[in-house]
Each structure stands twice: as structure tokens, then as C-alpha cells.
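The following briefing is meant for a reader who is meeting this structure for the first time.

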Amino acid sequence: MPHFWDGLLVTLQALVLGSLISFSVGLVWAVAFRAPTRFVRWPVGLVTEFIRNTPLLVQLFFLFFVLPEWGVQFSALTTGVVAIGLHYSTYTAQVYRAGIEAVPAGQWEAARALSLPYRRTWTAVILPQAIRRVVPALGNYVVAMLKDTPLLAGIGVLELLQRSRLQAAQTFQYTEALTVVGVAFIVISYTASLLLRSLERRLVR
């Protein structure tokens, strides 16, 4: 059981930290898409398209094996967290983008009529309304990130599935080990969905 709990902790760390990176960087991408100059919009579009259309496993290998050749090196878990966060930030960016575009045009016009600064318009008027609309969709990507955490085993991270598999290889009890892993993933997914529903209800008030 110690192996299970250690693996569960690593999986939860990767999920929580990866989600935080995904949500924050995705918001930056989404705001950059609305930049007044194309010299910002175009590079952001190219970068996000490249990341979104490249397999996460390839990105993991690149960050873990190639970056050290350039003098940039992180632990396996840190690399995995960054890779998951950046990869899914390109998806959450589209979610934020849809939420921003769903804000009525009158809100933008009212902000201009009040001569609100550009930054104030975003932080006080647009983003609060947009984020309320997209919480359910962001929750879907939390579950997707959870399902992708086993890929971290490819760079040596002993997350839940990998630790359970190694334990099962010693005891030959694969059925029990993998069943427990499956149940754990279901419990985590369901708990995350409940937390996000609660957050959604709070934001709607």
C-alpha cells in the first residue's frame, strides 16, 4: 500500500500543478489572441497550434531529453507538470477565447464609454464574465489531464499507474493492482467534477 499512496500523491501533484499552469497560461494565450496588433496575435497563434497538434508524449521527451543539452534541466516530475500544463493551456485558451467572445458587445462599449483603461476593462469587466461561462468546460480538461498523467512514466515519473504496475510485477497480482488504480482514477475524476460544480454555483451567484 505505501507504493499506492506514493503514486497517488505524485499523480495528484501533477494534476493540481498542471491544472494551475494550464488555466493561467491558457488565459494569457486567450488575452493575447485579442491583442490589437497582429505581431502579437500571429506568433501566439503559431505557438499554440504547434503545441496543440504535437503529441504530449513527444513534448515530454523533448523537454526531458533535449532541453538539458541546452543547459536547461528539471526533475522528471517538474518536467511532466510543465509539459502537461503547457500542452493543455492551448486547449483552455480556446475555452477562454469562446467565453470572452460570448461577452456581449455592449460590455466593451460601456467600458469605452466610461473611459476605462484597457487593463481595467479586462480585469473588471470582461474576464469576470467570461470565466463564469467556461468553468464547466475547464473541468473537462482537468479530467483529461488526469487521464494523461500515466504518460509521465515515459520520463521516469513513478505516478500511480507506474507504481502499481511495478508492485504488481513483484506480487503477480495485476488484477487487484489495476482495479485499484481504475477505482482511484474514477474517484479523483468524480471529486474534481464535484468541486468544479460547486465553484460554478458560487460564481453564478
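Gln-129 counts as buried, because its relative accessibility of 19% falls under the 20% cut-off for that class. The model in which this is seen is a predicted one, and Gln-129 belongs to its helix H6. Leaving aside neighbours within four places in sequence, Gln-129 is in contact with Val-103, Pro-104 and Gln-107.

**Helix H5 against helix H6**

- Helix H5, which covers residues 105-113, packs with H6 at an angle of about 165 degrees, and the axes of the two helices are 11 Å apart.
- Because angles over 145 degrees count as roughly antiparallel, H5 and H6 are described as roughly antiparallel to each other, and their crossing is right-handed.
- On the side of H5 the contact is made by Gln-107, Trp-108 and Ala-111, while H6 contributes Thr-121, Trp-122, Val-125, Ile-126 and Gln-129.
- Sorted by class, the residues of the contact of H5 with H6 comprise five nonpolar and three polar ones, with no charged residue among them.

**Helix H4 and its two partners**

- H4 and H6 pack with their axes 8 Å apart and at an angle of about 140 degrees, which makes H4 oblique to H6.
- The crossing of H4 and H6 is right-handed, and the contact of these two helices has 18 nonpolar, two polar and two charged residues.
- Helix H2, made up of residues 38-52, also meets H4: the axes of H2 and H4 come within 8 Å and cross at roughly 120 degrees, which makes H2 oblique to H4.
- The crossing of H2 and H4 is left-handed, and the contact is formed by Thr-48, Ile-51 and Arg-52 from H2 together with Leu-86, His-87, Thr-90, Tyr-91 and Gln-94 from H4.
- In the contact of H2 with H4, three residues are nonpolar, four are polar and one is charged.

**Two residues of helix H3**

- Gln-59 is found in helix H3 and counts as buried, because its relative accessibility is 13% and the limit for burial is under 20%.
- Leaving aside its neighbours within four places in sequence, Gln-59 is in contact with Ile-51, Thr-54, Ala-83 and His-87.
- Phe-65 is also found in H3, which runs over residues 56-66, and with a relative accessible area of 46% this residue is partly exposed.
- Between Phe-65 and Arg-52, which are 13 residues apart along the chain, the C-alpha atoms are separated by 20 Å.

**Nonpolar cores**

- The largest nonpolar core has 28 residues, and of these Leu-15, Leu-60, Ile-84, Leu-152, Val-157 and Leu-160 touch the most other members.
- At least two residues of this core come from each of helix H1 (2-33), H3, helix H4 (76-102), helix H6 (118-148) and helix H8 (174-204), with H8 giving the most, namely six residues.
- Apart from this core lies another one, of 13 residues, which includes Ala-30, Trp-122, Leu-127 and Ala-130.
- Val-157, which is one of the residues touching the most other members of the largest core, touches Val-10, Ala-76, Leu-77, Leu-152 and Gln-162 when residues up to four places away in sequence are not counted.

**The protein as a whole**

- The secondary structure comes to eight helices and zero strands, so that, by the DSSP runs used to define these elements, the pattern read along the sequence is α-α-α-α-α-α-α-α.
- Taken along the principal axes, the C-alpha atoms of the protein fill a box of roughly 70 × 45 × 20 Å.
- The protein has 205 residues, of which 39% count as buried.
- Among contacts between residues at least 6 apart in sequence, 76% join residues that are at least 24 apart.

Notes:
Residues are numbered from 1 along each chain as its sequence is written. This is a predicted model: local features need pLDDT of at least 70, side-chain atom pairs count only at pLDDT 80 or more; totals for chains, interfaces and linings use all residues. Side-chain values use heavy atoms; hydrogens and water are left out. Helices (H or I, at least four residues) and strands (E, at least two) are DSSP runs, numbered from the N terminus. Buried means under 20% relative accessible area, exposed over 50%, partly exposed in between (1.4 Å probe, protein chains only). A nonpolar core is a set of buried Ala, Val, Leu, Ile, Met, Phe, Trp, Tyr and Cys residues joined through side-chain atoms within 4.5 Å. Contact means heavy atoms within 4.5 Å. Axes are lines fitted to C-alpha atoms, for helices over the stretch in contact, and angles run from 0 to 180 degrees between N-to-C directions. Angles under 35 degrees count as roughly parallel, over 145 as roughly antiparallel, 65 to 115 as roughly perpendicular and the rest as oblique. A crossing is left-handed if the near helix is turned anticlockwise from the far one by less than a right angle, and right-handed if clockwise. Ala, Val, Leu, Ile, Met, Phe, Trp, Tyr, Cys and Pro count as nonpolar, Asp, Glu, Lys and Arg as charged, and the others, Gly among them, as polar.
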